[in-house]
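Welcome! Please take a look at the sequence and the structure below, and then we can walk through a helix and a strand together.

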Amino acid sequence: MNFKKFSTILAVSLTLAAPAFAGPIDRPECIAPAKPGGGFDLTCRVAQSGLKAQMEKPIQVTFMPGGVGAVAINLFNTTRTDDDNAIVAFSSGSLLNMATGKYGEWKESDVRFLASVGADFGAIVVPEDSRFKSLDDLMAAAEKDLKSIVVGAGGSIGSQDWMKAALLLGSRQLSPRDMRYVAFDGGGESIAALLGGSIEVYMGDVGELVSHVGEGKLRILAVMSPERIGAPFADIPTAIELGYDAEWTILRGFYMGKNVSDEAYNAWVEAFEAAYETEEFATIQKEKGLLPLNMAGAELNASILERVAKMRDIARGAGLID
Amino acid sequence: MDTIINGLGAGFAVAFDPFNLMLVLVGCFAGTLIGALPGLGPINGVAILLPIAYGLGLPAESAIILLAGIYYGAEYGGRISSILLNVPGDAGAVFTTLDGNPMAKKGEAGRALSLSALASFFGGTFAVILMSLFGPLLASYAVTFSPSDYVALMVFAFASLASLVGSNAVKTLLAALLGLMLASIGIDANTGVARYTFGIPDILAGIDFLVVVIGLFGMAELIHLVEQQVSGKMKALKIDKSFVSWADMVNVKWAIVRSSFIGFFIGILPGTGASVASAVAYGTEKRISDNNGTFGKGDPRGLAAPEAANNAAAGGAMVPMLTLGIPGSGTTAILLGAFLLFNITPGPAMFTQHPEVAWGLIASMYIGNVALLIINLPLVGIFARMLTIPQKYLTPLIAVLAFIGVYSVVSNPHDLYMIIGLGVMGWLLRKLDFPLAPVILGFVLGGLFEDNLRRALSISAGDWSILVNSPDSIVLYGLAIIVALVPVFLRKKRAKV
């Protein structure tokens, strides 16, 4: 092995081993398209602390609130389309907005999806003393007379929360348009309405229910995850295993502008993939109340395109979009 | 009863720990200052200081005590800029300006500040006492309050506020309508359709309450001040050494009792908070006591009512959060997050699993209220001196503080333009003799009224009879009729005498 060959190998292996040191990312920035304190803030914080070892410089978190993410996506489609340093937090809610045209002309094809940092899942919740003891009870009643059941959740018609109910009904060819759906302002009000008897069924998220498990007031009929999730939810069946094809994963992750260089994009992807392997990343994920769901690059992109297409189908079926 | 006494005893032992006692004082003092700054209120105070409290590595009960101190400290402090400057710091303080600021303009700033401190103290303490006695019971009642009951409550609120109709009913109604229009901007909470957003993404989520309050009241007031200064109409205010008297307290005692009750009741409901509480308390008080048309011109009862109510509401909002784990307001939602951060789950189990936190917090609220009174009364003179700062320095300073305050909350430059726009609008409305309070009312109550009406009708599948099918709503409609008719009767009675 001559010196030239050796140095080439060294250079290549260094580039592969520590791509972040290689150059395109010199001022890493994570944009949370919301006010501080919400889910997007949390998403950026996971990247900030989880990628400490993979980044040369710490990731700065910037807040860009407005229009549930619309302000940020506008900016990254007009002026910062090739910003190699910036990653923007998104959630399944953002994907839904793309699917239903809430972001105006901007769609899933206008950004490059980068990496996920974890997930939360839908949950079907009733009060402990509900007439529905199982998901089968609920669905049997729904098939008999859908209009006899009052369903509520923290989002409007067409929101993620509503989608969960629509999916569940769809698994038995019931139309969400026949559903009595009540939109509350967030999970807290919905749970109050459930306990107070204003609504019978609440379409919630696993993450927010941690504090209610084992209190003896609420019963989770099923979780909407692909597989069972860990304690304290280990005993709760998934909707799929009960025979209802209704999965709702709330994905949290990042996208970049459409015109970023492949070099920078790949460097970010590799940084995330390296972080996924570490114990620290798993710990941070758990601390922030996220369940592991680690996907980056092409794998993530494919999964997202599939999700958005599915969302668009449901929205179209319900007459929300043309 | 025994458990309450034992719990409180243990709680006071935690709260009187010298370190925790110091944190209560620090929290209350910092909260007062945060509340006094225009644009910063309890919600942002707690949100900004939560990471700091966590970062300090304090034990759970100490951190929660500190944050709670900031919460009710800010509710106290909110009155200061309302009274002195006519610039409410947050939504709950809007009604404090109506009689508080006229008192300050009459040279009674000290009297207004000390009186409102006492009203706040009574409201806050009343809430803590009710909370420690009947907390869990009240919380399980509060969750049964259904959307149709909220509709009845809003009808009651509108009825009590009919009293705000000033000399010109048409202008009042137009102003309220303007508030309703502002409330309807943004994604409709029910159907998810964007309304009146004109393709501007920044207003998709609606206009933040704070932006409307600071714009319509704060900025409009500042523009008004600048105008007065330029036209040389500005009167210099003397340092006033007025202070609350015993006769004042006797005069406002029933206003405080009624308003504390109203505030606490509205506070424990998960869907309403200090802004609705202070509005309803002011309206009701005006309806009952304003026999000579002194409300709005510096009547101490008009100042005491909203202050007692918003502090009682702040205490009330803690009830469902502590006993059921359901946050009743934005601020308590952040406090709930703080509990979870320390791996404590608010709810019935908290009182058995972490009694030191649950009862320690309640005990610290008793201490905090006393501490706030002690901190605030001597400071009255110092705050009142603020008015002697020449306006040419004070006005820009307040403008800058308001901008920073608002930006720290919304972090969107678009909202700063919005504040200026609303400020100009507010100033024009004032020029045209439109009252501004009805705009805010339309904004707060209109949104709640619409959301809950549509929820109720979704629940009943379109059957309107749901609106009158619970005892709660019938009682509230009854109260609405009484509140609307009482002044008429009183007038007739007086006419006969």
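Two strands pair if DSSP finds at least two bridges between them. Keep that in mind for the strand part of this briefing. Please also remember that this is a predicted model.

**A helix on the inside**
- Helix α4 of chain A covers residues 92-99, and eight of its eight residues are buried, so the helix is largely enclosed by the rest of the structure.
- Among the buried residues of α4(A) are Ser92(A), Leu95(A), Asn97(A) and Met98(A).
- What covers the buried residues of α4(A)? The cover includes the strands β3 (86-91) and β9 (249-257) of chain A, along with the helices α6 (160-170) and α11 (297-317) of chain A.
- After α4(A) comes Gly101(A), which has a positive phi, near 80 degrees.

**A strand on the inside**
- Strand β7 of chain A, residues 201-205, has five of its five residues buried, so this strand too is largely enclosed by the rest of the structure.
- In a regular strand the side chains alternate between the two faces of the sheet.
- On one side of β7(A) sit Val201(A), Met203(A) and Asp205(A), on the other Tyr202(A) and Gly204(A), and all of them are buried, which leaves both faces covered.

**The partners of β7(A)**
- Strand β4 of chain A, residues 111-127, runs antiparallel to β7(A) and is joined to it by four bridges.
- Here, Met203(A) of β7(A) has Ile124(A) opposite it.
- Strand β5 of chain A, residues 150-153, pairs with β7(A) in the parallel sense, over two bridges.
- Tyr202(A) in β7(A) is the bridge partner of Gly152(A).

Key. Residues are numbered from 1 along each chain as its sequence is written. Chains are lettered from A and ligands numbered from 1 in the order in which they are written. This is a predicted model: local features need pLDDT of at least 70, side-chain atom pairs count only at pLDDT 80 or more; totals for chains, interfaces and linings use all residues. A residue is buried if 20 or more other C-beta atoms lie within 10 Å of its own, exposed if 12 or fewer, and partly exposed in between; C-beta atoms are placed from the backbone. Two residues are in contact if their C-beta atoms, placed from the backbone, lie within 7 Å.
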